[in-house]
Amino acid sequence: MSDTPFGFGLPPEEPDDGDEGKKKDQQSGGGQGPANPFGFGLPGAGGLGGPGADNPLAAMFGSLNPTDLGAAFQQLGQMLSYEGGPVNWDMAKQIARQTVSQGTSDGTKDASVGPAERTAVQEAVRLADLWLDDVTSLPSGAASAVAWSRAEWVEATLPAWQELVDPVAERVGTAMGDVLPEEMQAMAGPLIGMMRSMGGAMFGTQIGQAVGVLAGEVVGSTDIGLPLGPAGRAALLPVNIEAFGKDLGVAQEEVRLYLALREAAHQRLFAHVPWLRSHLFGAVDGYARGIKVDTAKLEDVVGQFDPQNPEQLQDALQQGMFQPEDTPEQKAALARLETALALVEGWVDAVVHAAAKPRLSSADALRETLRRRRASGGPAEQTFATLIGLELRPRRLRDASRLWASLTDARGIEGRDGLWAHPDMLPTAADLDDPDGFVHREQLDFSELDRMLGEAAGGGAGKPDLHKKDPAQDGDRKDDGKDDGKGDGAE
């Protein structure tokens with residue numbers, strides 16, 4: 001990744017007009033020089049010292065041919081006339097696709113997925129689901145298995161990114177207008193409108209570049225612990241799987257199968273724990289609501305705002321304009337999110353290892369590689385750290401994995417997976433500190449509560465069975481028992 005992975009400029013494109021194109025590119029410094037006030041890599045724009053330096057318009061557009069000039073004005077017009085939500089998602093999608101088309105730093109290019117690769121992915125997911133049947137009580141959650149190119153991954157995951165990013169971007173857009181004195185806001189309507197459009201373009205550019213870079217590294221739809229793809233669709237990226245396994249010394253088939261196990265395990269969890277997706281996305285949203293904007297810094301930016309240098313807004317964003325509130329509520333939101341991510345990733349790690357260990361000789365090596373990969377972070381973590389100071393990294397993955405494995409030994413597969421019936425039943429951050437205490441904590445006897453509920457429902461007729469093993473009927477009734485138990489001092 002570059003030093004500014006979410007910078008404002010688009011990746012430079014190869015000139016298609018021979019020596020003349022190379023000459024223009026040399027004059028423009030690759031299309032990213034200061035003569036380009038909007039930083040979008042307008043092809044052929046002259047440098048500050050080039051022809052027409054005394055004339056800003058000539059410096060900007062003097063060397064463009066009519067086709068390039070039209071495209072430049074069209075792009076500029078789209079940016080400044082945008083009136084949608086807080087993020088220009090059309091721009092984000094365009095930039096993500098262009099970033100993908102450039103390939104990754106190791107020279108790997110995106111490619112359409114062929115029939116053989118699609119078949120290999122479908123067979124790997126099918127076999128993975130068979131293996132997982134032995135190690136979890138949650139049934140298969142993958143209605144289909146698909147093989148995506150990087151570009152297809154971008155298309156499929158943008159709706160989830162929109163749900164994650166829009167709340168904080170909305171706060172930023174509001175703050176950009178509120179920093180002006182009230183008496184000036186009416187007179188500064190056009191300026192505020194332009195700033196909101198620029199803010200939408202700024203976020204769109206950053207998210208687009210981040211998603212484009214991430215598309216070159218992910219191996220499935222659940223790499224960051226969140227369900228980014230459509231529900232019930234297990235997805236793998238063959239070109240990235242090949243790059244991931246290239247230097248591991250492990251057969252490609254084993255690498256694909258192990259990654260299929262992880263993808264299929266995530267799909268089971270998100271399909272059969274209906275509250276989990278909203279719980280995770282709600283935790284991100286709750287954390288974002290606690291973000292405060294450094295209005296003093298934003299006022300400085302607005303006061304010195306130069307329409308020919310909108311990168312100032314981006315620089316301010318990257319230099320910590322947005323800080324989390326240091327309040328008990330914000331700390332609780334952060335702990336809630338980090339614990340939830342650790343529990344998801346820890347459960348997947350534990351069940352996948354249980355399924356793979358007896359069958360794959362490389363299971364231990366692949367497990368450690370993926371643990372280190374998640375711990376070191378990547379573009380997704382950097383995106384959220386840049387935008388809202390949040391890292392989507394399961395810091396306590398190993399602790400959570402050990403706790404789930406211990407629960408399996410102590411309570412069995414059904415006892416372990418039954419904890420997903422309600423968020424209040426899951427281990428807490430404190431339980432990760434004392435896993436043995438949680439694992440061996442005395443389980444409450446709900447038989448008397450069962451009898452009372454049955455009598456209340458009709459003198460014992462049709463008494464509900466709180467311990468019935470059908471997950472579809474079990475969750476809500478077990479929730480009531482758990483909540484009442486905790487009220488009696490379970491904590």
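Here are a few notes on helix packing and aromatic residues in this structure.

1. A word on the basis: this is a predicted model, in which local features need pLDDT of at least 70 and side-chain atom pairs count only at pLDDT 80 or more, while totals for chains, interfaces and linings use all residues. Residues are numbered from 1 along each chain as its sequence is written, and side-chain values use heavy atoms, with hydrogens and water left out.

2. Let's start with two helices (DSSP runs of H or I, at least four residues, numbered from the N terminus). Helix 9 (residues 238-245) packs against helix 10 (residues 252-272) at an angle of about 120°, with the axes 10 Å apart. Axes here are lines fitted to C-alpha atoms over the stretch in contact, and angles run from 0 to 180 degrees between N-to-C directions.

3. Which residues meet there? From helix 9 come I241, E242, F244 and G245, and from helix 10 come Q252, V255, R256 and L259; contact means heavy atoms within 4.5 Å.

4. Now for the rings: the whole structure holds three aromatic pairs (ring centres within 6.5 Å, using the six-membered ring of Trp; planes under 30 degrees apart are stacked, over 60 edge-to-face, the rest tilted). W404 and W420 are stacked, because their centres lie 5.3 Å apart and their planes meet at 15°. W404 is in helix 17 (residues 397-417) and W420 in the loop between helix 17 and helix 18 (429-433), so the pair ties together parts 16 residues apart in sequence.

5. Together with W275 and W347, W404 and W420 form one aromatic cluster.
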